[in-house]
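Hi there,

Here is the structure I promised to pass on to you. Have a look first, and my notes follow below.

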Amino acid sequence: MKIVAAEVIVTSPNRNFVTLKITTEDGITGLGDGTLNGRELSVASYLTDHVVPLLIGRDAHRIEDTWQYLYRSAYWRRGPVTMAAIAAVDVALWDIKAKAAGMPLYQLLGGASRNGIMAYGHASGRDLPELFDSVRKHLALGFRSIRIQTSVPGIDAVYGVAAQSEGERYDYEPAQRTPLPVEEDWDTRAYLRHLPGVFEAVRNEFGPELPLLHDGHHRMTPIQAARLGKDLEPYDLFWLEDCTPAENQEALRLVRQHTTTPLAIGEVFNTVWDYQTLIREQLIDYVRSAVTHTGGITAMRKLLDFAAQYQIKSGIHGPTDISPVGMAAALHLDLAIHNFGIQEYMQHSPLTDEVFRQSFTFTDGYLHPGEQPGLGVELDERAAARFPYVAAYLPVNRLKDGTVHDW
Ligand code: GCO
Ligand code: MG
């Protein structure tokens, strides 16, 4: 089944998305997500200038061969731009194969291993009443697992809190449409003092059963992360995410020696190599990669199979900067694998849903990819054309003295 066309579509219904559409000689089309928040046009160019010409005339059924061809032939391996571009091709080819088979993609991946996919939502607030309201709002939406982010006294703008606390749930978008990145500030000692009290209050208000998560966003040193993990133990977290900048994988040994709080890492990683030490030494509990940033279904499946040998589970990245196409790919994989843990889910805006028509559902805390052949997502190209690309930047974080910090 020859590929006759491949087209990159950049659209911005509230936020930017990069989608690859592949068409085969018998008219089947497949969609892949290549969105890299704040660096979207690099992936669009990588695809248009360097990948699309290689796809024309190839057999759409040869997914593994195409993956290896794109990964190895470039010579320059790994990196978020390359791996997002490969993911876009890979997911589009899986979409085509499943449509050709007349099955939802999860069937080709081995069929369902569960009835539904437990999802967690993002609650946040500048103070406890606002945070409690946000938790209640998420419970009312059906969420049964909730991430808790909060402001810290003395810090003016904490990433992921300010943007979400106003207005509707889909307002959370860390990339701002400003000419320069927004600057946020940070003080790790203040954060370490404040956070355990927040979790104590949330537990007192909502009881012991609700699974609670927290994202440290790479801001701590190993010894600070060890202390936070220990201080949070009484509140029984489902996970503490990205506690350190984990490209230093060995650093996690120290954190692990000090705390039994489960650890989740990897949304900024893009290959299995980034996890070698973390998985082999069982230094983490959940793999946070996105299908969109880690070379697609083909590569994620291998990564999660490797993790499964060490009882490490999936926690696939699913913020709104993963398009509905990337989300659907994650959901088919979540349903099929044995070592599923949890799925992050932040609903997209109504405008995004107008451009990307989806068949996945969210009921009583559980997602399901639906039964349409393929991924179950269609792109309305006329609607997409109404929303041209708008430059947007992720924030910069600075310590009180002005030093640039992780965010
Ligand atoms: C998460 C993430 C996101 C990222 C965002 C960057 O856990 O969902 O930390 O909020 O910051 O994807 O583009
Ligand atoms: Mg995160």
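Let me start with one residue pair: Glu184 is bridged to Asn397, its partner in strand E17. Please keep in mind throughout that this is a predicted model.

**The sheet around E17**

E17 covers residues 396–399 and runs parallel to strand E6, residues 183–186, with four bridges joining the two. Asn397 also has a bridge partner in E18, namely His405. E17 and E18 are antiparallel and are joined by two bridges. Put together, the three strands make an open sheet with the order E6-E17-E18 and mixed pairing. E6 and E18 (404–405) are the edge strands with a single partner strand each, so each has one side without a neighbour in the sheet. The two faces of E6 can be told apart: Glu184 and Trp186 lie on the covered one, while Glu183 and Asp185 lie on the uncovered one.

**The sheet of E1, E2 and E3**

There is another open sheet of three strands, ordered E1-E2-E3, and here the pairing is antiparallel. Strands E1 (3–11) and E3 (29–33) form its edges; each has a single partner strand, so one side of each lacks a neighbour in the sheet. Ignoring direction, neighbouring strands in this sheet are turned against each other by 20° on average.

Eight bridges hold the antiparallel pair of E1 and E2 (residues 17–24). Ala6 finds its bridge partner in E2, at Ile22. Helix H1 (residues 40–55) packs on this sheet, where it touches E1 and E2, and its direction is at about 175° to that of E1. Helix H3 packs on the sheet as well, touching E2 and E3, with a direction at about 145° to that of E3.

On the E3 side, E2 and E3 pair over five bridges, again in the antiparallel sense. Ile22 has Gly30 as its bridge partner in E3. The hairpin of E2 and E3 has four residues between the strands, and Gly27 in this hairpin has a positive phi near 85°. E3 is largely enclosed by the rest of the structure, because four of its five residues are buried.

**H3 against H11**

How do H3 and H11 pack, in angle and axis distance? Helix H3 (residues 80–101) meets helix H11 (residues 296–308) at an angle of about 95°, and their axes are 6 Å apart. That angle makes the two helices roughly perpendicular, since the range for this class is 65 to 115 degrees. On the H3 side the contact is made by Ile86, Ala87, Asp90, Val91 and Trp94, and on the H11 side by Gly296, Ile297 and Thr298.

**Two positive phi values outside glycine**

Tyr75 is not a glycine, yet its phi is positive, at about 70°. Tyr75 sits in the loop between helix H2 (63–73) and H3. Is Tyr75 buried or exposed? Tyr75 counts as exposed, because it has 5 C-beta neighbours inside 10 Å and the limit for exposed is 12 or fewer.

Asp242, also a residue other than glycine, has a positive phi near 40°. Its place is the loop between strand E8 (239–241) and helix H9 (251–258). Asp242 is buried, because 23 other C-beta atoms lie within 10 Å and the cut-off is 20 or more.

**Leu237**

Leu237 belongs to the loop between helix H8 (222–232) and E8. Leu237 is buried, with 20 other C-beta atoms within 10 Å. Leaving aside residues up to four places away in sequence, Leu237 touches Leu212, Leu213, His214, Leu232, Thr261 and Pro262. Leu237 and Thr260 are 23 residues apart in sequence, and their C-alpha atoms are 9.8 Å apart in space.

Best wishes

Definitions and conventions. Residues numbered from 1 in each chain as written. Chains lettered and ligands numbered in written order. Predicted model: local features only at pLDDT ≥ 70, side-chain atom pairs only at ≥ 80, totals over all residues. Axes fitted to C-alpha atoms, helices over the stretch in contact; angles between N-to-C directions. Parallel < 35°, antiparallel > 145°, perpendicular 65-115°, else oblique. Contact = placed C-beta atoms within 7 Å. Pairing = 2+ DSSP bridges.
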